[in-house]
Amino acid sequence: MTPFSVNELAQDADLWRLACQGNVPAFEVLVRRHQSLVCAVAYNACGDLTLSEDVAQETFWSAWRGRASLKEPNRLRAWLCGIARNLGQNARRREARAAESAPSDMMASVPAGGPGPADEAVSREEEALVWQTLEQVPDAYREPLILFYREEQSVAEVAAALELSEDAVKQRLARGRGMLRERMADVVEGALRRSRPGRTFTVAVMTGLTSLTAGAKTALAGGAGAAGAVVKAAGVGLGGGLVGGLLGSLLGLFGGWFGTWLPAQLAPTINERDLMRRHGRRMMIASVLFTVVLLGAVLAMIVWRPPMAAYLILWLVAMTTFGGYVAFASIRAARVVRRLRAEGGGQPNDTPLRVAANALASRYRGRVFRSRATLFGLPLLDINVSDPVPHGERRVARGWIAVGDDARGVLLAVGSTARGFLAFGGRAVGVVSFGGIAVGVVAVGGMALGIVAVGGLGLGVLALGGLAVGYQACGGGAVAWDVAGGGGAAAWHAAFGGAAYAHDYAVGAEVWALHANDEAAKALLLNHPLKRGVEWYIANSTWCTAVFVAAGLIPTLLMTPLMYRRA
């Protein structure tokens, strides 16, 4: 059968029926009719123009092989788009795996040639920039945009391909264009910020000035001086990052220390005070050792680059060991405190804070109340607090809402030691916990250990604080496996900050990574949620700081009237 035997104006359904009978010319007409659509969908799925054409070819081949499986010829467009999406996503995953497994110096062996073929419509630089911007637009808006501009700007064609109404397509196009403008503005603003001349430019100008005023001989000397100045300028970037990381780490350790120091100052007896001091010192030593070991391991991994699994295993072992030690030491200290109080006696604590607290506490009595209403055998509210002076045996409160020296609440626990879904206390354990030492899914405190940990010393999957250690971490000093950001940041995968060290990607004043301040690193990190969060915090630091201070003070202000009444 010749091509002229096919009516090229026929409907898709009629042509597809012919193709199902083995009519190759009919299938060719369908390919010409829908190749732009399929290429656009494939490009949206894989993000590479050249690869998208390969995917589109494979889409039509797959459609030909499986032509008998389409039972509704009227849905040919949607069927082809579905095949293209799946194949494009698979191709993108294969490309990503190939890039990860390829030697890091592979690109060095590629010869430096000129531009691509003369008829290439889009340069590789343009393509990279276009996809970098498009990739940040959600798929629901990106796909209609790509189809619109590759389907001759026809809303009807896009609506038919995506099986949407024309109004829905117009709405998505409008939102997608708005997002594109915002993302492009971010790219331009970021590039302009990064292109701002700095110390090196000043050195170059002054070096040139020296050559103009002192002749050739002095110019040579000035050049040597400039080289030294450039090194010094790099040292300033490194020094600033390291100083920021060091200060953040010190602040983090101070926060953790303060969380153990304050309870020691307020302990009722000297024996209990000394016990808490020893416990605090041990915790600080363990924290410092843990941080030094983990940071040293990160730097060693970056230098020697062993398999990623080795770092992951080390990170898990270190986190488990440290977390286990914190739990063991805290439980042991709590048991000794209970024993000391059960034995009674002991010389009263004479620290200035305790003396002042005793003077104030003498005016108050501990609250004792239990609601008659119960649920599953537990009172809805149980308040059981010993008098502040003299400090008697710690009282235990149990209920749905518990307030006491030792509070164990199902929903809410408030006390010196608090355990509950929502826990506030000197030592707090809960799903959401606030305290000097806080442990929970979300933990906020001087020392915080949790899935999300926020504190002077934060340890968690997502850790934020002066010193932060986690899967992702951000702070003055941050150590992470995936992404770390801060004054000084070290991570296996990616890091950003004043001084940033990572195996794969790093962006900052002083960096060390396979991709250091290059386009790949910037594409990954400049729009990373963690970095955007840091930038948002900096832009709103005034009221954010006020909120954090209030969050630290409000629990204390609420605890006091709940636990004590005026004598």
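A disulfide is a covalent bond between the sulfur atoms of two cysteines. In the structure examined here, which is a predicted model, the number of disulfides is zero. Cys46 illustrates this: the cysteine sulfur nearest to that of Cys46 belongs to Cys39 and lies 9.8 Å away, whereas a disulfide would require the two sulfur atoms to be within 2.5 Å. Cys46 is buried, its relative accessibility being 7%. Another cysteine, Cys474, is also buried, with a relative accessible area of 12%.

Salt bridges, in contrast, are present, and eight were counted. One of them joins the side chains of Glu58 and Arg65, with a distance of 2.9 Å from N to O. Arg65 is exposed, at a relative accessible area of 57%, while Glu58 is partly exposed, at 29%.

A further salt bridge is formed between Arg370 and Asp382, whose closest N and O atoms are 3.1 Å apart. This pair links distant parts of the chain, the two residues being twelve residues apart. Arg370 belongs to strand β2 (residues 368–370), and Asp382 belongs to strand β5 (residues 381–384). The two partners fall into separate accessibility classes. Arg370 is exposed because its relative accessible area of 54% is over 50%. Asp382 counts as buried because its relative accessibility of 4% is under 20%.

Asp406 and Arg408 also meet through their side chains in a salt bridge, with 2.9 Å between N and O. Together with Arg419, these residues are linked in a network of salt bridges.

Arg277, Arg278, Arg281, Arg282 and Arg332 make up a positive surface patch. Helix α10, which spans residues 270–304, supplies four residues, the largest share of this patch. Arg278 is located in helix α10 and is partly exposed, with a relative accessible area of 39%.

Key
Residues numbered from 1 in each chain as written. Predicted model: local features only at pLDDT ≥ 70, side-chain atom pairs only at ≥ 80, totals over all residues. Heavy atoms only, no water. Patch = residues over 30% accessible without salt bridge, like charges linked within 9 Å, V, L, I, M, F, W, Y side chains within 5 Å. Areas by Shrake-Rupley, 256 points an atom, 1.4 Å probe, with all protein chains shown as cover. Salt bridge = Lys/Arg side-chain N within 4 Å of Asp/Glu carboxyl O. Lys, Arg positive; Asp, Glu negative; His and termini not counted. Charge placed at Lys NZ, Arg CZ, Asp CG, Glu CD. Buried < 20%, exposed > 50% of the residue type's maximum accessible area, 1.4 Å probe, protein only.
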